[in-house]
Amino acid sequence: MFSNYSKLKKYLIFSILVGPAVLLRFSTSFYPIIRTIYLSFFKHNLMEQVHRYVGFNNFTSLLNDQTIVDVIGFTLVFIAVSVILQLVLGMVIANLLNTNFKGRKIVRTLNLLPWVIPVIVSGYVFRWMLNADYGLITDWIFRLSGKEVQLLINSFYARMSLILVNVWRNTPFMAIVLLAGLQSIPDELYEAAKIDGASWFQRFLHITLPASSSTIVTLGLFNIIWQIANIDIILGLTQGGPGSSTTVIAYRIYQLGMQWFSWGSASALSVYLLIIVAVISLIALYLYRRFEFSS
Amino acid sequence: MKSRTVWNKLFLYFGIAIFVFIILVPIYWLFLTALTPRTQLFSVPPNYFPDFTLANFRNLISQVPFVAYLTNSILFSIGAVLLSVILSFLAAYGFARIEVPGSNFLLFALVLTMAIPEIVTVVPLFQVLRNLNMIDTIRGLVMVMGSVLIPFSVWVLVTFVKRVPVEIEEAAIVDGANLPQVLFYIVIPAMKPSLVTVTIINFINAWNNLLYPLVFSSSVSAKTLTVSITEIFQARTPYGRPWELISTLGVTMVVPMVILVFIAQRGIVSGLTSGSLD
């Protein structure tokens, strides 16, 4: 197609087709990032009406704040535990959905529900179910253990609840992705590996992952990045509390920028978040290339 | 051997039952709370079999400008979908069919913008929208949300354009058709299922988006249902938060999504994993 067109004409048609999408996307993504990096070197506060160059001050003062260090630490724990649980449970669910049983179609449809429900709504529903006085789950725990627990008031339990709600919301997506991987693999391969004594995890690592297309691997990794960046679930479930024990970096950026109007600090913390995302993206890129060539 | 398969079956159904239970309990509790009279809501233990009422829906409509927020949500979602699908389709066609140096890198850079956290861009985008006089307008929200949806849409659609046999298009060009005619009469009809799928996925994403309307809208002229639910949550009553109203609004936001999923399950799944499924 278009092979007999002149070079100039090809460029022209390409620009007309691709230009609008690329221009809109780049101007609302790359420009804001450059602007964020610029702002991170300024003390810029809307309330105090200041805009002053401060060098790396925002970056260092963030790291001198123990709360921020804890927030960064919890972000890493949050994402690591969430992803491990999602992969394990997602694999179990994908295997369930891959077997033949009556009503499989409806179960596959139900599997999509946690993913399509607005995250803020899921956050509120779980907050209500975990309510210390009238909550459904609180009642069940009382009936089973005889203990009256206040899950969202204790830091450890609040963190655990947040991670589990996040797992509830995102595992189905992982399951879909993993199921697509499973379906592209011939059964004989699995049977042979089983006979050779490969464990479930070995089969996942050496058969499922490499045989899944690069799209699937990339999609899984994008999903991880989206979870780091999402603030809706925290806004709904805990609002970062008690204290700041369930605050992740993205939520702190929201607080700094949109509630406290401290745009310089918000921008500096944004740069830290971008660095974390960049590291994960590099891993994604590495895997993408690797699987693209191997499959 | 036979007893083993029976056990396997039992184990399988047990697993499925637990799985379905975990998925459905929060959704069930959302709907039940929305239908529970306010007076029966705050009880210990929780009221598992309340009298059903529709009063919560009437209260919701009388206490918040529900219709305006619903209209905003619909306009915002449809606008963002139209903008993203039209621009992405054209771009995907260009990427898939025209070989120019650097186009692969450009596509790669475009897809990579999917990794940019929205929260990182809100402060600069706020300034941009303010300079364009688009704060607190549906137009402004559509522009930023449409942009967010572009990379995924292009990524999926490029794969699907490549599956359309190029010979038909070439034959049409030889017969004197121009590019818009080729797109309209050949490519779009051939890609109808995948375009519908991308439209649905984008609609779900836009409908569920909270951050942009929360940050970039300040009045009834652009606030969406997702913003509205956070405002109802802030209200305090003698008992605590108005969970029956939160749930009622939640139900109105969830129902369209549930309907979409039941209509288009297969399409959604194949769109999400287009690299491996047909």
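**Chat on a two-chain model**

Reply: Four bridges join strand β1 (residues 42-45) of chain A to strand β2 (residues 50-53) of chain A, and the two run antiparallel. Keep in mind that this is a predicted model.

Me: What does A:K43 stand opposite in β2(A)?
Reply: A:R52.

Me: And how many residues lie between β1(A) and β2(A)?
Reply: Four; the two strands form a hairpin. In the turn, A:Q49 has a positive phi of about 55 degrees.

Me: Zooming out. How many helices and strands are there in chain A?
Reply: Chain A has 14 helices and two strands.

Me: What does the C-alpha trace of chain A span along its principal axes?
Reply: About 80 × 65 × 35 Å.

Me: What percentage of chain A counts as buried?
Reply: Of its 295 residues, 42%.

Me: And the contacts in chain A with a separation of 6 or more: what share comes from residues 24 or more positions apart?
Reply: Those account for 68%.

Me: Now the contact between chains. How many residues does it take from chain A and from chain B?
Reply: Chain A gives 77 residues and chain B gives 79.

Me: Which helix of chain A brings the largest share of the side that touches chain B?
Reply: Helix α1 (residues 7-27) of chain A, with eleven residues.

Me: How does that side of chain A divide into nonpolar, polar and charged?
Reply: The side of chain A that touches chain B has 55 nonpolar residues, 15 polar and seven charged.

Me: Pick a helix pair. At what angle do α2 of chain A and α5 of chain B pack?
Reply: About 85 degrees, with the axes 8 Å apart.

Me: Switching to chain B. Which domains is it divided into?
Reply: Domain 1 (2-35) and domain 2 (66-272). Taken over C-alpha atoms, the centres of the two domains of chain B are separated by 33 Å.

Conventions
Residues numbered from 1 in each chain as written. Chains lettered and ligands numbered in written order. Predicted model: local features only at pLDDT ≥ 70, side-chain atom pairs only at ≥ 80, totals over all residues. Axes fitted to C-alpha atoms, helices over the stretch in contact; angles between N-to-C directions. Buried ≥ 20, exposed ≤ 12 C-beta atoms within 10 Å, placed from the backbone. Contact = placed C-beta atoms within 7 Å. Nonpolar A, V, L, I, M, F, W, Y, C, P; charged D, E, K, R; others polar. Pairing = 2+ DSSP bridges. Domains from an automatic or database assignment.
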